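Hello,

Here is the structure I said I would pass on. Please open it alongside this email.

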Amino acid sequence: MIDNEQQALKVRLDKWLWAARFYKTRAISKEMINGGKVHYNGQRTKSSKYAEVGATIRLRQGYDEKEIVIVKLSEQRQKGLIAQTLYQETPQSIAKRETYAEQRRLNILHNPAPEQKPDKKQRRQIMRFKES
């Protein structure tokens, strides 16, 4: 019976992304879709597109790019644990995010920020270096 309800339910993509807690507001969700940050079944889409169970969505959130499959439809924003049941992230996406996170972590360790600002003499040297 739940499957029939899920099939009869029509939810806009921007509303589903908001309900699944990928974005804080529907306006941000719509902006991300229209800006090309969200791909529905491998193609750019409009925010008015209806989400379907089994569809693949690729979206960017900050540094991360996620690929998810829609498992359930919902047009109501609920608790985070319930929202996580609406989708399933692909194993390739999880592995890719973990490797990128590790690379970012290592990059920070190898390129730390300076402990102090340059003094007057060092600033002059930097300015001379940039001019030449």
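Below is what I found, region by region. Keep in mind that this is a predicted model.

The core. The largest nonpolar core has 19 residues. Trp16, Leu17, Phe22 and Ile57 have the most contacts inside it. At least two residues each come from α2 (13-19), β2 (38-40), β5 (56-61) and β6 (64-70). Helix α2 gives the largest share, three residues.

Trp16. Look at what surrounds it. Beyond its neighbours within four places in sequence, Trp16 contacts Val11, Phe22, Ala51, Ile57, Ile68, Ile70, Lys72, Leu73, Ser74, Leu86 and Tyr87.

The pocket. The largest pocket holds about 160 Å³ of space. Its lining includes Leu9, Ala19, Ile82, Ala83, Thr85 and Leu86. Lys72, Leu73, Ser74, Glu75, Gln76 and Gln78 line the pocket too. By class, that is six nonpolar, four polar and two charged residues.

Thr90. This residue sits in the loop between β7 (87-89) and α5 (91-110). Is Thr90 buried or exposed? Its relative accessible area is 11%, under the 20% cut-off, so Thr90 counts as buried. Leaving out residues up to four places away in sequence, Thr90 touches Glu67 and Val69.

Helix α6. This helix covers residues 120-131. At 1.5 Å a residue, its twelve residues should span 16 Å. The end C-alpha atoms of α6 are 17 Å apart, which agrees. The number of buried residues in α6 is zero, so the helix lies largely in the open.

Best wishes

Notes. Residues are numbered from 1 along each chain as its sequence is written. This is a predicted model: local features need pLDDT of at least 70, side-chain atom pairs count only at pLDDT 80 or more; totals for chains, interfaces and linings use all residues. Side-chain values use heavy atoms; hydrogens and water are left out. Helices (H or I, at least four residues) and strands (E, at least two) are DSSP runs, numbered from the N terminus. The expected span of a helix is 1.5 Å times one less than its number of residues. Buried means under 20% relative accessible area, exposed over 50%, partly exposed in between (1.4 Å probe, protein chains only). A nonpolar core is a set of buried Ala, Val, Leu, Ile, Met, Phe, Trp, Tyr and Cys residues joined through side-chain atoms within 4.5 Å. Contact means heavy atoms within 4.5 Å. On a 1 Å grid over the protein atoms alone, a cavity is a set of points where a 1.4 Å probe fits but cannot get out, and a pocket is an open set with protein on both sides within 12 Å along at least five of seven lines; lining residues have an atom within 4 Å of a point. Grid points are joined across faces, edges and corners, and a volume is the space filled by probe spheres set on the points. Ala, Val, Leu, Ile, Met, Phe, Trp, Tyr, Cys and Pro count as nonpolar, Asp, Glu, Lys and Arg as charged, and the others, Gly among them, as polar.
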